[in-house]
Each structure stands twice: as C-alpha cells, then as structure tokens.
Amino acid sequence: MLKTSFFSKMIVLLIFVTTISKAQNTISTKLKWSERMALTLMQRHPQSYMLDDAPVAHISYVHGLVTYAFQELGKKKNDEKYAAYAKQYADELIDADGNIKTYKYESFNIDNIPTGRILFDIYEQTKDKRYLVAMQTLRKQLEEQPRTPSGGFWHKKIYPNQMWLDGLYMGEPFYAEYTVTFENGAKLDDVAHEFELIQQKATDAKTGLLYHAWDESKEMAWANKETGVSPNFWSRSMGWYVMGLVDVLDYFPKDHPKRKELILYLNNISNALVKFQDKSGLWYQVTDMGTREGNYLETSGTAMFAYAFAKGAKKGYLPKKFKIIAEKAFDGMTSKFVKVYPNGEIEITNACAVAGLGGKPYRDGSYEYYINERRKDNDPKVTGPFILAALELNR
C-alpha cells in the first residue's frame, strides 16, 4: 500500500514538473509573428548552428539569412537574446584566428557570402579582430570570384559563366556594406553592375519577370541557345533578387548615379510580380503558370516578396500601395499556411526546400522539375524572410 502511494505521488510530481516546464516554454499568441517565429526556432534549435537541422556548425547561406533576421529582430525589440543567438552561430563557426569552419575558398561559392552579413554588427560591438579577418576572407573571395565575359560573378566555380538570381542576394548586400564600411564605397558601381547584367540579360520582354538564371556561354543544356536564359520563372529566385535590391539600396547614397537605376529595377520587377499574385495573396512556385496541374502556392517566395515590398514602400523606393500588397501576402501566409501548436510554436508549410540548375543529378529547369522538388516545413528560406517581413509590417 505504501509502495503504491509512493509511486502515485511520484507520477503526480512528474506530471506537475512536466506541466510547469511546458508552461514555461509556451510561446504567447499575444506576441507578434516575428517573435513567435524566432522563439519557435530557438526552442527547436537551442544552438543557432542547429538551424536547418544541422548536426555541426558549417558555413551556410541559410544560417546567414536567419541569424541576420534575428539581429534585425533584436534591434527592433531591443532584446539582447536575439542578437546573442546570431552571435552564437558566428562563435561556433569562426576560430580564434578568424578561420571559418568548413569554408573552402577555392570553390568560389557565392552562397558562402551571406554569413558575413552578421559579422558587421558583431565586430562593431566587440572589436574582436577574428570577425574582421573572416569578413576580409569573404571580401577576398568576391575580389577573385570568377566572372562572365560581361563581368558577372559566377554562381560557383562548378557553374562557369552562370549568373543565378539567387546570387544577387548571396553576394551583393555583403559586398555593398563592406565597401561602404571599409572602402569608402569604392565598389558600389560594381555592385550595381551585377544587377544591371541580370536586368539586361534575364528579363522576359512579355511578362517583365526574370528567368531563374543566365548562362553567358549558352553552353548549358538548360540554357536558351539564343539568349542563354533558363526555361522558367521560379518565384523564390525573384524573391532573392528583390531582397537583394532593397538591401543593397541601404548603402547607396542618394546622390549616387546608380541609385535611381536600382530603384527602377525594383519597380519594374515588383510591378511585373503583382500581376501574378494569387487572390490568396501568395505566389505560385512557377510564377506565371497559376493553377496548372501540380503547381502550388509557395511560401518562401511569398515571404521574400512581402519583405521587399514592405521595405521598399517604407523607404520610398516603391509606391505606398506595395505595403498593402505585402500585407495581403503576409495575411495569406498566416491564414492558410501557418500551423500554431498548443505550446504556441508556429510552423510554415508549403516551402520549397531547394531548387537549382545543372549539377548531378541534372536539374533541367523544366516545369516538372520545379513542382516536384521536395517541400519542407519551417525551411529557413521561409522563416528568415518571414521574420524580416513581419518586422517591416510590424506584425
């Protein structure tokens, strides 16, 4: 009888402790979406290098993207824990001498560059030289990055003469901030040139949309033999492009001769994209093919558009109506594709995990290819832009 009573009490105690623990970890639904998303990621990935289910720290553009969003959230909320979460990734990644774990300079992979964006604030606050050394390493990569005959950065060494829209976000915001911070803006014309090339070479005259990639050599099997562009419009690739534009514009002085051009490019692509926004507020995976069989409303591209449109409208680069368009996109996401769990954690569904061109196995850029790539809930390519969009919209 005594033994049974003891075990009964232990069970009650365990239930109590578990209940208290769960209560402590419950994310309030009264918080804004930006914090709810960030707190969800912090609970699921206690160390920031664990984002995207990574088992060890490695250099990754998705980590750079999400931790940058955490830094911006920390500034907005004046809450140190968000900046500390971002710094944690930098500290796992960069050793005492400024060497970057898993970084391979000789691969000339432009996807490595976004991690450097979080280092500006960290270096400014700590004056620890190892962060500066890491930034200098990434800057050196851009200095020596192979280029197409027209001067565009190769996406990677293994993709010769190819510019992908993704690369405009990967390289240019870091490049612009670095040259303004450490080089008196000497390379801003070069930053602008990357956007000029894509605008000239990848724009579709009929829709105004941008193709995912451009091969200046026209040698790739996916490349149009006359123009060099890939076959289809992928929403997230244009999302990278517009995010890159609104972020580099932060570093172009109002009197810089290229600033107006960049604002024009942002208006051109934004006006083209609005024509393809679904009534739900979202955009489809293959942007211009709407309800064609297999196509689906995709959340990462939508979140990126919401961020770029909201920021563009607030900064005066875009007409004010784009804030309303961004609100519609954000509302569509939260009403249709955000799950809220009993503990308050949130999960965004319908995000394409990855898409590219060429490589092994070969990715041909066909409609069938894009719609059949796997999807991943709370993929960092949606969670990072979602936080950034929520901050711009005060949501």
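Tyr49 touches Ala54, Pro55, Val56, Ala57, His63, Tyr89 and Glu92, leaving out residues up to four places away in sequence, where contact means heavy atoms within 4.5 Å. This is a predicted model, in which local features need pLDDT of at least 70 and side-chain atom pairs count only at pLDDT 80 or more, while totals for chains, interfaces and linings use all residues. Residues are numbered from 1 along each chain as its sequence is written, and side-chain values use heavy atoms, with hydrogens and water left out. Helices (H or I, at least four residues) are DSSP runs, numbered from the N terminus.

**Tyr49 and its loop**
- Tyr49 is located in the loop between H2 and helix H3 (61-77).
- The relative accessible area of Tyr49 is 15%, so Tyr49 is buried; buried means under 20% relative accessible area, exposed over 50% and partly exposed in between, with a 1.4 Å probe and protein chains only.
- Although 43 residues separate Tyr49 from Glu92 in sequence, their C-alpha atoms are 7.2 Å apart in space.

**Ser34 in helix H2**
- Ser34 belongs to helix H2 (residues 33-44) and is buried, with a relative accessible area of 1%.
- Apart from neighbours within four places in sequence, Ser34 is in contact with Leu73, Lys77, Ile387, Ala390, Leu391 and Arg395.

**Helix H7**
- Helix H7 (residues 165-182) has 18 residues and should span 26 Å at 1.5 Å a residue, which agrees with the 26 Å between its end C-alpha atoms; the expected span of a helix is 1.5 Å times one less than its number of residues.
- At Gly171, H7 bends by about 30°, and the proline Pro173 follows within four residues; the bend at a residue is the angle between axes fitted to the seven residues ending there and the seven starting there.
- H7 is mostly covered, as 15 of its 18 residues are buried.

**Helices H9 and H10**
- H9 has 14 residues, and its first and last C-alpha atoms are 20 Å apart, close to the 20 Å expected at 1.5 Å a residue.
- Because 14 of the 14 residues of H9 are buried, H9 is largely enclosed by the rest of the structure.
- The axes of H9 (residues 235-248) and H10 come within 10 Å and cross at roughly 145°; axes are lines fitted to C-alpha atoms, for helices over the stretch in contact, and angles run from 0 to 180 degrees between N-to-C directions.
- On the H9 side, the contact is made by Met238, Tyr241, Val242, Leu245, Val246 and Val248, and on the H10 side by Leu262, Tyr265, Leu266, Ile269 and Leu273.

**Ser270 in helix H10**
- Ser270 is found in H10 (residues 259-274) and is buried, with a relative accessible area of 0%.
- Not counting residues up to four places away in sequence, Ser270 touches Phe309, Leu318 and Phe322.
- Ser270 and Tyr341 are 71 residues apart along the chain, and their C-alpha atoms are separated by 34 Å.

Notes:
Helices (H or I, at least four residues) and strands (E, at least two) are DSSP runs, numbered from the N terminus.
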